[in-house]
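Open your viewer and get ready to select a few residues as we go.

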Amino acid sequence: MIYKRLGLGLGLFSIALGLTELFAAKRVTGALKAEGSEGLVKAFGARELAAGAALVAAPAVSTGVWARVAGDALDLVGVGAALRRSPRNGWGWGALGFVVAATALDIFVARGLDQTTGRMLPDKTRKS
């Protein structure tokens with residue numbers, strides 16, 4: 001099923017992004033001209049790791065993807081705040097476009113999983 005594969009891909013992507021945010025927070029904040037927000041970026045990285053782990057463990061369950069959508073909303077607020085401080089920052093506008101695209105993909109996958117599997121929680125009685 002395509003949505004399950006996409007869910008797994010989103011999970012792996014979340015883990016990679018979370019590791020980047022945790023270990024390169026200073027570079028991320030520097031590019032966004034949001035120095036001093038490293039702790040927030042690291043918290044977002046931890047959130048990405050948790051969402052990614054949930055998706056890798058259960059890629060056909062939409063809850064993990066909906067968690068990414070909620071995280072995307074936080075990311076949009078964070079990037080928006082950075083752009084308010086530095087509206088001519090090309091990296092900021094690129095990050096905004098990236099988050100908007102990721103949000104659209106996350107919603108597509110979450111809705112697809114809801115429609116095809118009808119499962120928002122893992123089925124504890126089935127063996128994978």
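Does D75 count as buried or exposed? Select D75 in this predicted model, and you will find the residue in helix α4. D75 counts as buried because its relative accessibility is 9%, below the 20% cut-off.

Now show what surrounds D75. Apart from neighbours within four places in sequence, D75 is in contact with F44, R47, E48 and V99. Keep two of these on screen: the charged end of R47 sits over the ring of F44, 4.8 Å from the ring's centre.

Next, the aromatic pairs, of which there are two. Select Y3 and F108: their ring centres are 5.5 Å apart and their planes lie at 55°, so this pair is tilted. Y3 belongs to helix α1 and F108 to helix α5, so the pair ties together parts 105 residues apart in sequence. Y3 is buried at 17% relative accessible area, whereas F108 is partly exposed at 45%.

Move on to F13 and F98, another tilted pair, with ring centres 5.8 Å apart and planes at 50°. Here too distant parts of the chain are linked, with F13 in helix α1 and F98 in helix α5, 85 residues apart. F13 is partly exposed at 32%, and F98 is partly exposed at 44%.

Last stop: the largest pocket, which holds about 680 Å³ of space. To centre your view, select E21, V28, L32, V79 and A95, the closest to its centre among the 29 lining residues. Then colour helix α4, which gives the most to this lining, with eight residues. By type, the lining divides into 17 nonpolar, five polar and seven charged residues.

How values were computed. Residues are numbered from 1 along each chain as its sequence is written. This is a predicted model: local features need pLDDT of at least 70, side-chain atom pairs count only at pLDDT 80 or more; totals for chains, interfaces and linings use all residues. Side-chain values use heavy atoms; hydrogens and water are left out. On a 1 Å grid over the protein atoms alone, a cavity is a set of points where a 1.4 Å probe fits but cannot get out, and a pocket is an open set with protein on both sides within 12 Å along at least five of seven lines; lining residues have an atom within 4 Å of a point. Grid points are joined across faces, edges and corners, and a volume is the space filled by probe spheres set on the points. Helices (H or I, at least four residues) and strands (E, at least two) are DSSP runs, numbered from the N terminus. Ala, Val, Leu, Ile, Met, Phe, Trp, Tyr, Cys and Pro count as nonpolar, Asp, Glu, Lys and Arg as charged, and the others, Gly among them, as polar. Buried means under 20% relative accessible area, exposed over 50%, partly exposed in between (1.4 Å probe, protein chains only). Contact means heavy atoms within 4.5 Å. Rings of Phe, Tyr and Trp (its six-membered ring) pair if their centres lie within 6.5 Å; planes under 30 degrees apart count as stacked, over 60 as edge-to-face and the rest as tilted. A charge sits over a ring if NZ of Lys or CZ of Arg is within 6 Å of the ring centre and within 35 degrees of the ring normal.
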